[in-house]
Each structure stands twice: as structure tokens, then as C-alpha cells.
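Please walk me through this fold. I would like the helix packing and then the sheet.

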Amino acid sequence: PDAVYLVGDQVNRCPWNNEVLEILTEQQWPAIAGNHDLIVGAINTPQNRLPFTNRQRFPTLWWTQAQLTARHLELLREWPTDLMIQHAGLPSIHLTHGIPGNAFVGILPEDRDEKVRQLLAGVEMPVVVCGHVHRPLARRVDQWQIFNGGSVGIPYNGDPRAQYLLLDGVAGIWAP
């Protein structure tokens, strides 16, 4: 691909979190923080909030935080929650983990158009690429083209294979 962008949840639920972050750093792939990245980055800081202060209830989050190097923890804490992408001759893309401004809420494939309108209220960019729900999505609602690549590591759609999104800029539009 010409470019790779990561839409969150780069860490947690695997034993190779440092290795994942090392590859990401070496490749210089732009990333945004997902809810797992935000939570892991907040553990053992004043930013940690309920219910994630409960180590027994969220052992994998606490284990992940303890395993990460100081450099990788700092990387997590520096990632933005949203990123705007522009390529000449193509519609602008708003990358977000869940919905713009909230990495803990996502757009489900079965959500009705009215709900999607509410979730994307105020979003001006015509293309939204999101994650969070771990289910693939390619859909148009009003002025928005909405894409979700699913999940490379933990898909929630019954297909255990790695899933991702490849967008091609064709004739002035993004085609999945």
C-alpha cells in the first residue's frame, strides 16, 4: 500500500505488545489511540478512572501496562484520538477509533441511519474510517462514506481471519 494508518487498539490481549509497537515505530505508521490504548496509557497515572482502577476486573489491561517499556507507554500517551487525512484529488478522511471525540462508542453495521446521523453530528469530512466494534463496514449515510476494516487480531463477526481495510482512490472517490 502507499500508506498505512492504524485506527486504535494496537495493544492489549496479546503477549507481544512491545513488539507490535516496535514494528509500528520502525515503519513510521501513523496511529490513533483506541479505547484500549487510552486505558493502558492511563493506568498508574492520575488520569486512570473507574472502572479501570479495578485491577482484578481488568487484569489484561494492567498486565499489558506492566509489560510495556517506558518508551512504548509514552508513545501510547502521545497518540491523537482522531486524525485527518488528505490526498490530492480525493475526499478528506476523518480517522477515528469509535466516533469522533469518543473512542468508547462505535458505529455498528446494523445501526439505523438516524443513529449514525446522531453519532456523526458535526463531522464535516465526507469519509469516516473507524474501528472499535471489530466488525467490517462499508456504508453511506447522507453525506458520509463510512468504513470499518474489522479487526486484524480479534474480529467480532464470526470470521477469525485477520481483517483490514484497503482503500483505493478511484475516479475521485475512495473505494474499499
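Just after helix 2, Asn 44 adopts a positive phi of about 65°. The model here is a predicted one.

Now step back into the helix itself. Helix 2 spans residues 35–42. Most of this helix is covered, with 7 of its 8 residues buried. The buried set is Asn 35, His 36, Asp 37, Ile 39, Val 40, Gly 41 and Ala 42. Their cover includes helix 3 and helix 4, the latter at 70–78.

Take the partner helix 3 next. Two packed helices are described by the angle between their axes and the distance between the axes. Helix 3 covers residues 59–67, and its axis comes within 9 Å of the axis of helix 2. The two axes cross at roughly 65°. Angles of 65 to 115 degrees count as roughly perpendicular, so helix 2 is roughly perpendicular to helix 3. Their crossing is right-handed. Helix 2 brings His 36, Ile 39 and Val 40 to the contact, while helix 3 brings Leu 61, Thr 64 and Gln 65. By class, that contact holds 3 nonpolar and 3 polar residues, with no charged ones.

Strand 4 pairs with strand 5 (residues 144–149) in the antiparallel sense, over 6 bridges. Arg 139 has Ile 146 of strand 5 as its bridge partner.

Definitions and conventions
Residues are numbered from 1 along each chain as its sequence is written. This is a predicted model: local features need pLDDT of at least 70, side-chain atom pairs count only at pLDDT 80 or more; totals for chains, interfaces and linings use all residues. Side-chain values use heavy atoms; hydrogens and water are left out. Axes are lines fitted to C-alpha atoms, for helices over the stretch in contact, and angles run from 0 to 180 degrees between N-to-C directions. Helices (H or I, at least four residues) and strands (E, at least two) are DSSP runs, numbered from the N terminus. Angles under 35 degrees count as roughly parallel, over 145 as roughly antiparallel, 65 to 115 as roughly perpendicular and the rest as oblique. A crossing is left-handed if the near helix is turned anticlockwise from the far one by less than a right angle, and right-handed if clockwise. Contact means heavy atoms within 4.5 Å. Ala, Val, Leu, Ile, Met, Phe, Trp, Tyr, Cys and Pro count as nonpolar, Asp, Glu, Lys and Arg as charged, and the others, Gly among them, as polar. Buried means under 20% relative accessible area, exposed over 50%, partly exposed in between (1.4 Å probe, protein chains only). Two strands pair if DSSP finds at least two bridges between them.
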